[in-house]
Structures are given as C-alpha cells and as structure tokens.
Amino acid sequence: MKPFTVHRGRVAPLDRVNVDTDQIIPKQFLKRIEKTGFGEFLFYDWRFSADGKKNPDFVLHDPRYEGSSILVAGKNFGCGSSREHAVWALADFGFRAVVSSSFADIFANNSTKNGFLTVQLSEDQIATLMQRAHAIDNYAITIDLEKCEARDDHGFHATFTIDEFVRHCLLNGLDDIGLTLQHEPEISAYESRHPAPAAMTGVIS
Amino acid sequence: MSVKKTLFEKIWEAHLVAQPAGRSPILYIDLHLVHEVTSPQAFDGLRAAGRQVRQRSRTVATVDHNIPTEPRGTPITDLIAARQIAALQANCGEFGIRLFDMDAPEQGIVHVIGPELGLTQPGMTIVCGDSHTSTHGAFGALAFGIGTSEVEHVLATQCLGQQKPRTMKIDIRGRLSEGVTAKDLALGIIGQIGTDGATGHVIEYAGAAVRGLSMEGRMTLCNMSIEAGARAGMVAPDETTIAYVKGRRFAPAGADWEKAAEYWRSLPTDEGATFDKVVEIDAAQLSPFVTWGTNPGMVAPVTGRVPEINGLREAERRATELALEYMALQPGKRIEDIGIDRVFIGSCTNSRIEDLRAAARVAKGHRVSSKVRAMVVPGSQAVKRAAEQEGLHRIFLDAGFEWRESGCSMCLGMNPDILQPGERCASTSNRNFEGRQGRGGRTHLVSPMMAAAAAIAGHFTDVRNWRFH
C-alpha cells in the first residue's frame with residue numbers, strides 16, 4: 001500500500017450531501033476484474049451525458065479544478081454499496097483524500113486499505129473549505145497525517161482524529177493481512193476451540 | 001452480579017481472537033459469502049502473495065449480481081459480465097471453494113440462499129463483499145458488508161481487524177397494522193433517523209412489533225439497516241428463529257442441534273444492559289410508505305405528499321431540490337397521483353416466499369395496467385420452486401407480470417434488467433439512488449404489496465383499501 005504522510009494538493013469542491021457509491025462509480029463499471037482503470041468512470045453519470053459528451057458544468061471539468069487531488073464534499077460521503085471500486089476510482093483519477101463532515105463506515109474502511117485518506121472535519125470547517133475552493137484560484141490545502149492536521153495558506157487550520165492503528169498503517173503503507181497473520185498462534189488456537197460445523201466440512205464438489 | 005450484555009456484545013466477545021495493544025481487535029469470521037462482483041481482485045491478491053483460502057469450509061460462493069434473469073441456458077451476451085462470472089468459477093475451482101453456480105438448484109441472491117440453506121445461524125459472525133450482508137442479522141448474527149480488500153483479508157486469515165462499533169437499540173412498540181409490512185417499518189425508521197442516523201452503530205431491533213415479524217420480515221428489516229448507515233442490524237434469536245433454522249441443510253443436527261439451540265437461547269440482550277443510543281418507534285402510527293427522492297430517507301406515507309421546499313434548512317433544501325429535479329416531481333404532489341411505468345418485485349430486501357405470497361395476494365384476479373411493465377424476480381431457485389408449487393407464478397402470469405429466473409436483477413441493474421431514461425419504477429428493492437436501476441431511471445421504494453397494487457392501478461395506491469379477490 002502507498003504510504004500517506006503529508007500531502008499538499010489542489011481542492012475540488014463537490015457541494016452535495018450523501019454522495020453515494022453508485023454516483024462515485026456507477027454499476028455498469030463494476031464488471032471489470034482488475035483493480036486499475038476505474039478513474040475514467042469516476043462520477044460518470046455526473047461527468048458525462050447519456051451520449052458520452054462531457055458535462056462542462058460538473059466541477060471536475062472546470063479548468064480551475066484540473067489536477068485536484070483533494071475532494072471536499074458534504075456529509076455522509078460514500079454511503080450505500082460496499083464497492084471498493086469507489087475508492088479505486090477516486091485514487092485512479094488522482095485523488096489522495098476526501099474531506100467531509102462524515103463518512104459512511106464501509107467507504108471509510110475501504111479507503112484505509114488503499115492509502116487513501118478520509119479526513120473528518122466539522123460542518124463549519126467544511127463550509128469554509130468549500131467557500132475558499134470556490135473563491136480562491138489554485139486553492140490548495142495541506143493534509144498532514146503525521147500531525148493530524150489540515151491547513152491552507154490563508155489561515156485555515158484544523159486538526160482531525162483518526163484511529164491510531166489505521167494512522168500507523170497509512171503512514172507506513174502496511175499490509176494488514178501480514179499484520180493479522182502475525183497472530184497465527186492465536187488464530188489456530190481459536191480454530192481448535194471452534195472447529196467449522198460438521199455440515200459445512202466434507203468434500204467440496 | 002454479572003455484567004449485563006447486549007446481543008451484540010455477547011457475539012463480539014465470543015469471536016475475539018486477539019486484542020493486540022495499539023491496534024484494532026481481531027475478530028474471527030464464521031461464515032464468508034462470496035459473489036462474482038467484489039471478489040476477483042481479492043483472489044488476484046491471494047495469488048500475488050502466494051496465499052491460500054484459510055477455511056474453505058467456512059466460505060461459500062454464488063453468482064447473483066450480474067446474471068441475466070432470462071431462462072437459464074440463454075447465452076450471456078454481456079461479455080464483460082460473462083468474464084466476471086467465469087473468473088469466479090475459475091477462482092472457486094483453483095482455491096477449492098463451494099460454488100452454487102448459475103445452473104445449481106441452490107443458486108440465488110447471496111443473502112437469500114445463506115438463510116434458506118441454514119448456513120446463516122444465530123450467534124455467528126458473517127461477512128460478504130456486499131453492504132446488504134446486514135440481512136443475516138435477522139437471525140441474531142453479527143453480519144456486515146466489507147470491501148474487496150477485506151474479502152481478501154478474510155479469505156487469507158478467516159479474521160478481520162475491526163474497531164468496535166457503538167450500539168443502538170430501536171425499540172418498536174405496538175403492532176403493525178394490516179397492509180403495513182416490515183419494509184414500511186424499515187422505511188419509516190430511515191425516514192425518522194436519516195440515511196446516516198446509525199453510522200458507526202450496530203442496531204438491535206427490539207419490541208413487540210419485531211417479535212411479531214416472521215423471519216422473512218426480520219430479514220427485510222435488517223437488510224435495510226445499511227440504508228440508515230448502520231454497520232449491522234440484529235434481531236435477538238427466539239423460537240421463531242430456531243424453528244426456521246431447524247432441519248435446513250447446513251444447520252446443526254442431532255446432539256449438535258440441542259447444544260446449538262441452547263446456546264442461541266442464551267444470546268438475547270440481558271435485562272438491564274445498556275445501549276449507546278435508543279430510538280423509539282410506535283408501530284401503530286406507521287402506514288405504507290413510498291420514497292419520493294434519491295435516497296431511502298426521502299420517504300412519505302402513501303396518503304401523503306411530496307414535501308414542500310419552503311422552510312427547509314439550506315443544505316436540506318438544496319438536496320431536496322436536486323432530488324425532485326432528478327425525480328421530475330413537484331413539491332406538494334399527492335403520492336397517489338404519481339403514475340408509474342415499471343414495477344420490480346425482487347432483490348435481497350423483498351424476494352422471499354412470503355414477499356411473493358403478499359404480492360400475489362394483491363395481484364390475484366387483477367390485471368397489470370396497460371401502461372406498466374411489471375416483473376417478479378424470485379430471490380433464489382428454491383424460492384422460485386416453492387412459489388411455483390403454490391401456484392403463485394400462475395397468479396402473476398395471469399395478471400400480466402413477467403416471471404423470471406433468480407438474481408439481483410433490477411435492484412442494481414448490472415444485468416440486462418434496467419430502466420430506460422425517464423422511466424418511473426415502483427420497486428421493492430433497497431436503494432433509490434440516481435441511476436441505480438438504470439441511467440435516468442426514477443425509483444420509488446415500496447413493499448411487495450404496494451408494488452403489486454401500483455402495477456395494477458398504474459399509480460401508487462394505498463393497499464389498505466385494496467379489493468382482494
């Protein structure tokens with residue numbers, strides 16, 4: 001996993017609440033069996049019309065936000081389906097983090113497995129970032145996972161909290177399967193106390 | 001005096017493998033359900049790392065999301081979907097996982113077949129790369145959806161590192177009245193607490209109304225927990241649960257059965273145990289619901305109206321305006337005046353035998369409106385066979401409904417069953433997000449009875465006033 005330490009990048013404002021994973025990556029793109037190449041389908045139905053033409057009004061097609069790597073969005077970002085393709089699409093498009101006042105649990109979980117950061121700030125702080133991203137050209141912020149803070153060059157400064165273990169994994173780009181397997185003796189001991197039910201074992205055709 | 005524990009806490013503690021300092025507790029997973037859409041990259045990860053599936057006997061796969069609902073044997077014309085199905089077949093073969101394939105008599109939506117095969121049991125931890133895994137909580141299991149990285153994690157380790165969620169009790173007093181179903185209860189709850197009302201929490205549904213629900217009803221209720229943002233939803237096991245599980249193919253048998261049932265009876269929340277949050281609902285106040293917007297919290301009683309925008313707070317007003325624009329609805333419009341083009345009865349929310357019985361009861365002796373195309377998609381091959389044995393398919397076909405093969409179908413439209421742009425659908429599924437059932441499609445979530453009634457009337461109508469034949 002790619003480590004996340006300190007990242008500075010341009011901010012794109014997506015001024016909507018309850019952005020669900022069906023919007024982030026519509027279902028017709030979930031049939032691929034690879035992890036890569038989802039970026040071109042990110043927010044597809046908002047970015048493109050039914051005949052495939054670019055929607056010039058969508059924020060990610062505004063030249064002012066070209067090359068953005070930080071998305072600011074309204075509350076409950078990533079709700080709905082568990083599809084990790086949503087995180088893969090955001091990351092593949094070039095985003096490293098989403099900043100919102102709240103995230104759906106599964107989306108937040110999936111993010112941590114991909115070196116992608118979900119930064120939770122207050123609604124007032126989100127409103128400030130949203131307003132500045134609209135008003136200031138080339139508006140950029142720094143997200144510092146070492147200090148757990150987000151800041152800009154115009155006096156904005158906020159701290160955020162994150163589970164300490166998740167932070168440790170993100171900072172160091174750790175594969176958590178390997179970490180779990182360090183507990184092999186405990187897993188084996190648990191399994192010897194709780195064998196799989198008889199009906200589920202046996203020959204698998 | 002011993003510590004009072006909730007159902008959730010009992011299951012959580014029984015599955016703790018390790019609690020390493022400075023990291024999330026490691027939880028053992030009893031049952032891992034796998035389907036074609038969220039697993040191929042996980043198997044690739046195993047291969048890349050040279051890992052095996054740790055507990056093949058605790059892993060069960062089926063195909064449901066993108067298979068056509070045309071008669072089996074019809075070639076799959078979507079080549080990318082066919083490739084994904086072939087990948088699951090190859091992965092199950094390579095790693096030695098039990099697969100209920102397209103032509104298997106056990107095939108069906110993963111959240112329908114788990115319970116009907118007796119794989120789903122009280123007290124278990126159950127995961128699947130699908131958010132509606134919360135369905136299995138109806139049995140008093142801790143069941144939650146995971147992403148593909150966690151699918152790989154469970155395949156490799158049979159464990160998951162998990163931060164401990166908070167607990168929420170939703171106490172549903174009184175009884176649901178005639179024509180008001182578990183689906184209406186779920187929509188009523190989400191309408192009250194919002195689509196993020198239970199984020200970070202595991203819900204336990206309790207109270208007389210829940211005790212009175214069948215297992216099918218409890219599954220519908222728990223299924224929709226994720227639409228309130230919950231990590232999981234649960235109902236304490238009782239004699240209804242135990243009677244449902246008994247005798248099923250993968251259920252414990254003989255001496256194991258008595259031991260298991262005794263354990264299950266010890267699981268309900270102890271009197272006096274506390275929850276982080278408590279919500280109270282009066283079941284008698286609920287009516288059949290219809291969603292009018294683009295998330296499941298945007299809901300009104302069938303006798304109500306699309307909300308007015310004036311008076312809403314800024315963020316809510318904007319969200320409502322966007323939703324009404326997408327749905328092509330005017331504020332203040334009566335719900336019963338909304339006409340529909342399509343009806344979908346199916347999905348992991350409402351495709352079980354009891355759902356089909358309820359819809360058939362409404363459909364019997366009536367005709368689907370000439371301007372409506374309506375389809376019934378049983379949740380599994382077993383549901384389909386049971387329905388055909390009872391003659392439900394005859395009732396549907398005689399009334400002008402299509403009767404199809406089992407799968408997720410138009411709930412998410414990954415297969416050819418989709419809405420055309422602008423089409424309006426009464427759907428028994430779980431999400432009315434923009435484009436969910438097809439780009440530009442407009443979804444209204446309802447119960448199976450309400451969907452059947454809308455198919456016949458051509459618009460939403462209060463099923464409590466229905467003329468049953």
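In the predicted model, four strands of chain B form an open sheet, ordered β11-β10-β9-β12. Their pairing is parallel. On average, neighbouring strands are turned by 20 degrees against each other, direction ignored.

The pairing of β9 (residues 166-173) with β12 in chain B is parallel and runs over six bridges. Within this pairing, B:Met168 of chain B has B:Lys277 in β12(B) as its bridge partner. Two helices pack on the sheet. Helix α1 (residues 7-14) of chain B touches β9, β10 (201-206) and β11 of chain B. The direction of α1 makes about 130 degrees with that of β10(B). Helix α6 (residues 182-193) of chain B touches β9 and β12 of chain B. Its direction makes about 125 degrees with that of β12(B).

Chain B as a whole contains 15 helices and 19 strands. Its C-alpha atoms fill a box of roughly 55 × 55 × 45 Å along the principal axes. The radius of gyration of chain B is 22 Å. A compact globule of 469 residues would have a value near 23 Å, so the two agree. Buried residues account for 61% of the 469 residues in chain B. Among contacts in chain B between residues at least 6 apart in sequence, 78% join residues at least 24 apart.

Nonpolar side chains tend to be buried together in soluble globular proteins. Here the largest nonpolar core has 205 residues. B:Val343, B:Ala359 and B:Ala454 touch the most other members. Helix α15 (residues 448-457) of chain B supplies the largest share of this core, with nine residues. Neighbours within four places in sequence aside, B:Val343 contacts B:Val372, B:Ala374, B:Cys425, B:Ala426, B:Ala451, B:Ala454 and B:Ala455.

In chain A, helix α3 (residues 85-93) was examined for burial. Seven of its nine residues are buried, so α3(A) is largely enclosed by the rest of the structure. The buried residues are A:His85, A:Ala86, A:Val87, A:Trp88, A:Ala89, A:Leu90 and A:Ala91. They pack against α1 (21-24), β3 (97-100) and α4 (105-112) of chain A. A:Gly94 follows α3(A) and has a positive phi, near 125 degrees.

Definitions and conventions. Residues numbered from 1 in each chain as written. Chains lettered and ligands numbered in written order. Predicted model: local features only at pLDDT ≥ 70, side-chain atom pairs only at ≥ 80, totals over all residues. Core = buried A, V, L, I, M, F, W, Y, C linked by C-beta atoms within 7 Å. Buried ≥ 20, exposed ≤ 12 C-beta atoms within 10 Å, placed from the backbone. Contact = placed C-beta atoms within 7 Å. Pairing = 2+ DSSP bridges. Axes fitted to C-alpha atoms, helices over the stretch in contact; angles between N-to-C directions. Rg over C-alpha atoms; globule rule 2.2 N^0.38 Å.
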